[in-house]
Amino acid sequence: MSIESAALLLFLVMDPLGNIPFFLASLRTVDPARETRVIVRELLIAYIVMIVFLFAGQPLLGVFGISEPALTIAGGVILFLIALRMVFPPPGRSLHEEIEGEPFIVPLAIPYVAGPSVLATELLLMSRQPEHWRNWLIALTVAWAATAVILILASKVRAYLGQRGMIAVERLMGMLLVAVAIQMFLSGIEKYVGQLPGR
């Protein structure tokens, strides 16, 4: 997978457009003068968490003895479920959390930006080609930066696209992610079959 493909995959999984309503809802009690500062702080925390997991996640696979085909298939299934939620969102998303006061780490940094799906995707990239860690770090940075711009400008983006526009774009992102998930699932099966005796 190229840097561009990995960056796009991570960006789709981070789903910044889908998180705009939840970011704005979590910031309702924050002083408007501090709103941008809080968003930037939470984005930086999420970035640090994702970088740590990018390098710390690989040793976890060795501990549990998870093979690459198994992880690839599991990653495809996880991404497919995420994509389905983007295309057919359930009423009242489970990631929405009510908080009191100024948000700190939860829920803006985790799980809205650095959620389980993003961490699983990082784990998948590193497990398949750990020697290309520089590429995955660049891809993660690019995806995070694009997400950061959208979330910092959340109010303006929502006003520009409107509710229907945001829904349409998120559905399109979800459909792209469905295709990526299915390809990942098929790649995992192909690798597993190729490892069978007699192949």
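Biologist: Which residues touch the most other members in the largest nonpolar core?

Modeller: L10, M14, I20, M50, L79 and L177 do. The core holds 56 residues. Keep in mind that this is a predicted model.

Biologist: Which elements give two or more residues to this core?

Modeller: Eight helices are on that list: helix 1 (3-14), helix 2 (16-26), helix 3 (35-64), helix 4 (68-87), helix 5 (108-113), helix 6 (116-128), helix 7 (133-152) and helix 8 (154-194).

Biologist: Where does the largest share come from?

Modeller: From helix 3, with nine residues. As background, nonpolar side chains in soluble globular proteins tend to be buried together.

Biologist: Back to L10. What does L10 touch, leaving out residues up to four places away in sequence?

Modeller: V118, T121, E122, L125, A139, L140 and A143.

Biologist: And F22, buried or exposed?

Modeller: Buried. F22 has a relative accessible area of 13%, and the cut-off for buried is under 20%. F22 sits in helix 2.

Biologist: How far is F22 from I3 in space?

Modeller: 29 Å, C-alpha to C-alpha. In sequence, F22 and I3 are 19 residues apart.

Biologist: Let's switch to charges. How many salt bridges does the structure hold?

Modeller: Three. One of them joins E102 and R34, with the closest N and O atoms 2.9 Å apart.

Biologist: Where do E102 and R34 lie?

Modeller: Both are in loops. E102 is in the loop between helix 4 and helix 5, and R34 is in the loop between helix 2 and helix 3, so the pair ties together parts 68 residues apart in sequence.

Biologist: How accessible are E102 and R34?

Modeller: E102 is partly exposed, at 35% relative accessibility. R34 is partly exposed too, at 28%.

Biologist: What about R41? Which side chains does R41 meet in a salt bridge?

Modeller: R41 meets E42, at 2.9 Å from N to O. R41 also meets E102, again at 2.9 Å from N to O.

Biologist: Is R41 buried or partly exposed, and what about E42?

Modeller: R41 is partly exposed, with a relative accessible area of 24%. E42 counts as buried, at 1% relative accessibility.

Biologist: Which residues end up linked in a network of salt bridges?

Modeller: R34, R41, E42 and E102.

Biologist: New topic, the surface. Which residues make the nonpolar patch?

Modeller: V77, F80, L81, L84, F88, I182, F185, L186, I189, Y192, V193 and L196. The patch covers about 1000 Å².

Biologist: Which helices each supply at least two residues of the patch?

Modeller: Helix 4 and helix 8. The largest share, six residues, comes from helix 8.

Biologist: Take L186. Where is L186 placed, and why does L186 count as partly exposed?

Modeller: L186 is in helix 8. L186 counts as partly exposed because its relative accessibility is 46%. The partly exposed class lies between the buried cut-off, under 20%, and the exposed one, over 50%.

Biologist: Last one, confidence. What is the mean pLDDT of the protein chain?

Modeller: It is 87, and 94% of the residues reach 70 or more.

Biologist: Where is confidence lowest, and where is it highest?

Modeller: Lowest in helix 4, at a mean of 83. Highest in helix 7, at 97. In general, where pLDDT is low, predicted coordinates should not be read in detail.

Notes: Residues numbered from 1 in each chain as written. Predicted model: local features only at pLDDT ≥ 70, side-chain atom pairs only at ≥ 80, totals over all residues. Heavy atoms only, no water. Core = buried A, V, L, I, M, F, W, Y, C linked by side-chain atoms within 4.5 Å. Buried < 20%, exposed > 50% of the residue type's maximum accessible area, 1.4 Å probe, protein only. Helix = DSSP H or I, 4+ residues; strand = E, 2+ residues; numbered from the N terminus. Contact = heavy atoms within 4.5 Å. Patch = residues over 30% accessible without salt bridge, like charges linked within 9 Å, V, L, I, M, F, W, Y side chains within 5 Å. Areas by Shrake-Rupley, 256 points an atom, 1.4 Å probe, with all protein chains shown as cover. Salt bridge = Lys/Arg side-chain N within 4 Å of Asp/Glu carboxyl O. pLDDT = per-residue confidence, 0-100.
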